[in-house]
Amino acid sequence: MNVHEYQAKDILQSFGVPVPRGDVASTADEAADVARALGGDKFVVKAQIHAGGRGKGGGVKLADSIDEVRDIAGQMIGMDLVTHQTGPEGKRVEKVLVAEAVDIHQELYLGLVVDRASSAVTLMASAEGGVEIETIAAERPEAILKEAADPAVGLLPFQANRVAYGLGLETAVARQFVSMAMKLYKTFTESDAALMEINPLAVVGDGVLVALDAKMNFDDNALYRHKDIAELRDPTEEDPRELEAKEHELSYVSLDGTIGCMVNGAGLAMSTMDIIKHYGAEPANFLDVGGRATAERVTVAFKLILSDPNVKAILVNIFGGIVACDLIAEGVLAAVEEVQLSVPLVVRLEGTNVQRGRQLLAESDLDIITAEDLDEAAQKAVAAVSAQAR
Ligand code: ADP
Ligand code: MG
């Protein structure tokens, strides 16, 4: 689960990480009130959306007066902000963060990720912050310093120190960097984060280090033990289909392709997506209907898949283990009848009572393409999609 910058900064602050003073506002007048309470005459107004690249997209603006803060906030709130991370349709800005503008001397990058290669939380840093770290990673990977934290002992100060000096920071700044890296690591592990990015981590004014931007993503499976963080969920930022799926306890992830997939078991779902790609098409979603593929769940799943306008065909790939294939076939038939299927449907069943299941599908008058194995099923689904493209 992602949170907004202002929420991530609240969390960071509770762990003692310095961030610029500021507060969130939902209207232009509220934004002006925040600026007035902050005092001073240099402010920054920042659109709060779950996407980066706001600076370049016009979602981060400096203001020299309270009136200017009001004007900028008035323009930003309600706009669809487009950045390289939002896609062309952009994201609606509901809130802005009004903060004191600081005098930036240097912008660094600091990230904490769960790194698969080292199987450890890894600190990443670069002296070239403020820009897209992906570009640096691709063009000059040596400009990114890394330290993997041993899970048994956590990040150690000497590791943070090594990074600080590797970045070429002066002693006074390096000391702050080490202290900050240790606090960020503590924040990361204690809040069960999956990703944290401070970009930029800035050296401001007289050599003070502050987190100017903050992006945090949390492990959904650990949210039950962080009620306060779970409450930060912003449903307007989430895919409505994913929310709907969550309500029905289906694991669903929306993707960009054209073949809707309904599968039981996460592993089978992954291989189904792989084989669709192998035959030259793209999956429209990941969907694990779980062990209990009952008629009810299958119907909900069909509706979910069909509510995506990109879906040009559906591939059902279900292994009847806990629920036998004939029951699943009945479920599929009932669901197809109920949802009035508008795209080709390919069904592949395997497992307990498979013959009976296939027979039910074959005997039905409904327009269902059947397949004996995954390979055949994927090829038929891909063919159904390309037939429409012609
Ligand atoms: P994004 O990553 O979405 O573009 P950032 O929060 O990183 O948004 O802001 C973009 C740029 O705006 C930063 O790199 C920094 O130069 C500037 N900026 C952000 N916050 C402040 C601030 N409080 N004071 C001055 N400049 C800021
Ligand atoms: Mg940033």
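Which residues does Leu341 touch, not counting residues up to four places away in sequence? In this predicted model, Leu341 touches Phe302, Leu306, Ile314 and Val336, where contact means heavy atoms within 4.5 Å. Leu341 lies in the loop between H12 and S17. With a relative accessibility of 21%, Leu341 counts as partly exposed; buried means under 20% relative accessible area, exposed over 50%, and partly exposed in between, with a 1.4 Å probe and protein chains only. The C-alpha atoms of Leu341 and Arg21 are separated by 54 Å, and these two residues are 320 residues apart along the chain.

Residues are numbered from 1 along each chain as its sequence is written, while chains are lettered from A and ligands numbered from 1 in the order in which they are written. Because the model is predicted, local features need pLDDT of at least 70, side-chain atom pairs count only at pLDDT 80 or more, and totals for chains, interfaces and linings use all residues, while side-chain values use heavy atoms, with hydrogens and water left out.

The protein chain as a whole comes next. The protein chain has 14 helices and 18 strands; these are DSSP runs numbered from the N terminus, with helices (H or I) of at least four residues and strands (E) of at least two. Its C-alpha trace spans about 80 × 50 × 40 Å along the principal axes. Of the 390 residues of the protein chain, 48% count as buried. Among the contacts in the protein chain with a separation of 6 or more, 66% come from residues 24 or more positions apart.

One open sheet is made of four strands in the order S1-S6-S2-S3, with antiparallel pairing; two strands pair if DSSP finds at least two bridges between them. Strand S1 (22-25) and strand S3 (60-63) stand at the edges with a single partner strand each, so one side of each is left without a neighbour in the sheet. From one strand to the next, the twist averages 20°; axes are lines fitted to C-alpha atoms, for helices over the stretch in contact, and angles run from 0 to 180 degrees between N-to-C directions. Strand S2 (residues 43-47) is joined to S3 by four bridges, and Val45 has Lys61 in S3 as its bridge partner.

Two helices pack on this sheet. Helix H1 (residues 5-14) touches S1, S2 and strand S6 (96-100), and its direction makes about 50° with that of S6. Helix H2 (residues 28-38) also touches S1, S2 and S6, with an angle of about 20° to the direction of S6. The axes of H2 and helix H4 (residues 66-76) come within 8 Å and cross at roughly 145°. In this contact, Ala28, Asp29, Ala31, Ala32, Ala35 and Arg36 of H2 meet Ile66, Val69, Arg70, Ala73 and Gly74 of H4.

The bridge partner of Val203 in S11 is Leu209. Three residues lie between the two strands of this hairpin, and Gly205 in the turn has a positive phi of about 40°. Most residues other than glycine have a negative phi, and most peptide bonds are trans. In strand S10, where Pro200 is found, the peptide bond from Asn199 to Pro200 is cis, with omega near 10°.

Helix H6 (residues 157-166) has Gln159, Ala160, Val163 and Ala164 buried. These residues cover an arc of only 140° around the axis, which puts them on the same side of H6; the arc is that of the directions from the helix axis to the C-beta atoms. The buried residues of H6 pack against strand S8 (120-126), strand S9 (145-148) and helix H7 (171-190).

Helix H13 (residues 354-363) has Val354, Gly357, Arg358, Leu360 and Leu361 as its buried residues. Seen down the axis of H13, these fall within an arc of 155°, so they line one face of the helix. Gln355, Ala362 and Glu363 are exposed on the other side of H13. Helix H12 (325-339), strand S17 (345-351) and strand S18 (369-371) are the elements against which the buried residues of H13 pack. In the loop between S17 and H13, Asn353 has a positive phi near 60° although it is a residue other than glycine.
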